[in-house]
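Have the viewer open while you read.

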Amino acid sequence: MRLDKYICQATSLTRSEAKKAINRGKLTCNGEEIRSGSYKLAEGETVFLEGKALSLRGPRYIMLNKPQGFICSNIDEQLPSIMNLIDVEKPEQLFIAGRLDADTTGLTLITDDGQWSHKVTSPRKKCAKRYRVTLAEPLPDNAIEQFKEGIQLKSENQPCLPATLIAISELAVLLTISEGKYHQVKRMFAAIGNHVESLHR
Ligand code: URA
């Protein structure tokens, strides 16, 4: 890896700050000052910034219990982004693996590991997601069967994959799904004539 790229990844310096540090002779490798950003680091070579050894951090994985009123976007829009709730270096390198609606609460995953994110969000990987749902109306007796068979959402060609529904009280259920269609849980209950009052993952 080039020295300038390495510094950006290993520290909180921006590209231009890294360039300045290199030009000012603050970087050493093997006891020698390196003044070129394009210097190619050899495998296992240690870089020192003002005498302090640098190292690359591993991928980052953050679990956030999302409150209501925040959106799962990297930037603020009409509502603030959940990224305001975490205090990390280089937040622009992170992205949200699987979104929740602004009014939904609960587990959101934030990472810079694209492969891992794909594993937890791709419908092909069938990663289970469990929601606690509060409903407007009690469920009909055959609801568990309907969810098991696959709910047909409005304006979708295929029914949803089988989902597991467990009643915890007259108006509260646990629903486990293995896909992540747009507003899926709300649309599943709308498809059987009900309405989601609150949703928590
Ligand atoms: N399904 C929804 O309808 N909303 C969410 O936030 C998550 C799943």
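Which residues are around the ligand? Keep in mind that this is a predicted model. The list runs L100, D101, T104, Y131, H183, Q184, V185, K186 and L199. Sorted by class, that shell comes out as 4 nonpolar, 3 polar and 2 charged residues.

**Backbone contacts**

Now zoom in on the oxygen atoms of the ligand. Here are the distances to backbone atoms of the protein:

| Residue | Protein atom | Ligand atom | Distance |
|---|---|---|---|
| D101 | polar backbone atom | oxygen | 2.7 Å |
| K186 | backbone N or O | oxygen | 3.1 Å |
| H183 | backbone N or O | oxygen | 3.2 Å |

How much of the ligand's accessible area does the protein cover? On its own the ligand has 240 Å² of accessible area, and the protein covers 96% of that.

**The pocket**

Where does the ligand sit? You'll find the ligand in the largest pocket, which has a volume of about 720 Å³. Its lining takes in 32 residues, and G98, R99, L100, Y131 and R201 are the ones that lie nearest the centre.

As for elements, two or more lining residues come from each of β7 (106-111), α3 (114-121), β8 (129-135) and α5. By class, the lining of the largest pocket divides into 16 nonpolar, 7 polar and 9 charged residues.

Before you close the viewer, check a couple of loops. Most residues other than glycine have a negative phi. K126 isn't a glycine, yet its phi is positive, near 50°. You'll spot K126 in the loop between α3 and β8. S155 is a second case: not a glycine either, with a positive phi of about 55°. Look for S155 in the loop between α4 (143-149) and β9 (164-167).

Definitions and conventions
Residues are numbered from 1 along each chain as its sequence is written. This is a predicted model: local features need pLDDT of at least 70, side-chain atom pairs count only at pLDDT 80 or more; totals for chains, interfaces and linings use all residues. Side-chain values use heavy atoms; hydrogens and water are left out. A residue is near a molecule or strand if one of its heavy atoms lies within 4 Å of it. A polar contact is a pair of N or O atoms within 3.5 Å; within protein, one must be able to donate a hydrogen and the other to accept it, and residues adjacent in sequence count only if both atoms are side-chain atoms. Accessible areas come from the Shrake-Rupley method with a 1.4 Å probe; for residues, only the protein chains shown count as cover. On a 1 Å grid over the protein atoms alone, a cavity is a set of points where a 1.4 Å probe fits but cannot get out, and a pocket is an open set with protein on both sides within 12 Å along at least five of seven lines; lining residues have an atom within 4 Å of a point. A molecule sits in a cavity or pocket if more than half of its atoms lie within 2 Å of its grid points. Ala, Val, Leu, Ile, Met, Phe, Trp, Tyr, Cys and Pro count as nonpolar, Asp, Glu, Lys and Arg as charged, and the others, Gly among them, as polar. Grid points are joined across faces, edges and corners, and a volume is the space filled by probe spheres set on the points. Helices (H or I, at least four residues) and strands (E, at least two) are DSSP runs, numbered from the N terminus.
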